[in-house]
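Here are my notes for anyone opening this one for the first time. Have a look at the picture, then work through the points below.

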Amino acid sequence: MLYVSTLILVSYPALVATVPPARSLNYVDSSSGLEFPEMYSGPTELEFADVNGDGHVDIGMVGDHDSPGMSQHGITVWLGDGAGHWSARQSGYFGYGGIAFGDVNGDGLMDVGYAMHHTDPGSDFGDQLIEVALGDGTGEN
């Protein structure tokens with residue numbers, strides 16, 4: 001018996017993987033103004049959202065385990081300027097819990113939902129364990 005074997009070579013364009021050149025990481029300090037308020041201890045939830053509608057990320061919280069206490073109370077929002085500078089605003093006298101931002105009433109302004117461990121029975125703002133507060137677009141009220 002005679003066996004015939006044929007080898008067919010097909011040429012394809014070379015596939016070349018391109019790897020971008022190595023880059024070094026450069027970090028820019030973006031924490032100016034985040035020193036206030038003083039924190040005590042325990043878990044703290046931070047949420048990031050554009051609270052005042054200026055196109056820059058802001059940071060919000062209801063506080064850590066000592067809130068209200070020391071220098072923190074109520075809802076704290078650090079308004080960001082997009083260049084790494086933050087300005088703290090506080091409203092209410094309650095704390096220690098979770099927070100979420102969103103437009104709950106459809107008016108185009110950011111509102112805040114929060115749940116807390118330490119309520120403020122002397123005020124309508126913060127007197128329940130779970131509340132929603134309608135925002136005025138400034139991130140301060």
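Is V57 buried, exposed or partly exposed? V57 comes out as partly exposed, at a relative accessible area of 44%; the terms mean under 20% for buried, over 50% for exposed and anything in between for partly exposed, with a 1.4 Å probe and protein chains only.

1. Ground rules. This is a predicted model, so local features need pLDDT of at least 70 and side-chain atom pairs count only at pLDDT 80 or more, while totals for chains, interfaces and linings use all residues. Residues are numbered from 1 along each chain as its sequence is written, and side-chain values use heavy atoms, with hydrogens and water left out.

2. The V57 patch. You'll find V57 in the loop between β1 (47-49) and β2 (58-61); strands here are DSSP runs (E, at least two residues), numbered from the N terminus. Together with L46 and F48, V57 makes a nonpolar surface patch of about 290 Å². A patch takes residues with over 30% relative accessible area and no salt bridge, and nonpolar side chains (Val, Leu, Ile, Met, Phe, Trp, Tyr) are joined within 5 Å. A salt bridge would be a side-chain nitrogen of Lys or Arg within 4 Å of a carboxyl oxygen of Asp or Glu, and the areas come from the Shrake-Rupley method with a 1.4 Å probe.

3. G95, tucked away. G95 belongs to strand β5 (residues 95-102) and is buried, with a relative accessible area of 0%. Setting aside neighbours within four places in sequence, G95 is in contact (heavy atoms within 4.5 Å) with V62, S67, P68, M116, H117 and H118. The C-alpha atoms of G95 and H65 are 7.9 Å apart, though 30 residues separate the two along the chain.

4. The aromatic pairs. There are three aromatic pairs in the structure, a pair being Phe, Tyr or Trp rings (the six-membered one for Trp) with centres within 6.5 Å; planes under 30 degrees apart are stacked, over 60 edge-to-face, the rest tilted. F94 and Y114 are stacked, at 5.3 Å centre to centre and 10° between the planes. That pair links F94, in the loop between β4 (86-91) and β5, with Y114 in strand β6 (residues 111-118), 20 residues away. F94 is buried at 0% relative accessibility, and Y114 is buried too, at 3%.

5. Why is the pair of F94 and F125 edge-to-face? Because the ring centres are 5.2 Å apart and the planes stand at 90°. F125 sits in the loop between β6 and β7 (130-133), so this pair ties together parts 31 residues apart in sequence. F125 is partly exposed, at 26%. F94, Y114 and F125 form one aromatic cluster.

Note on methods: Patch = residues over 30% accessible without salt bridge, like charges linked within 9 Å, V, L, I, M, F, W, Y side chains within 5 Å. Helix = DSSP H or I, 4+ residues; strand = E, 2+ residues; numbered from the N terminus.
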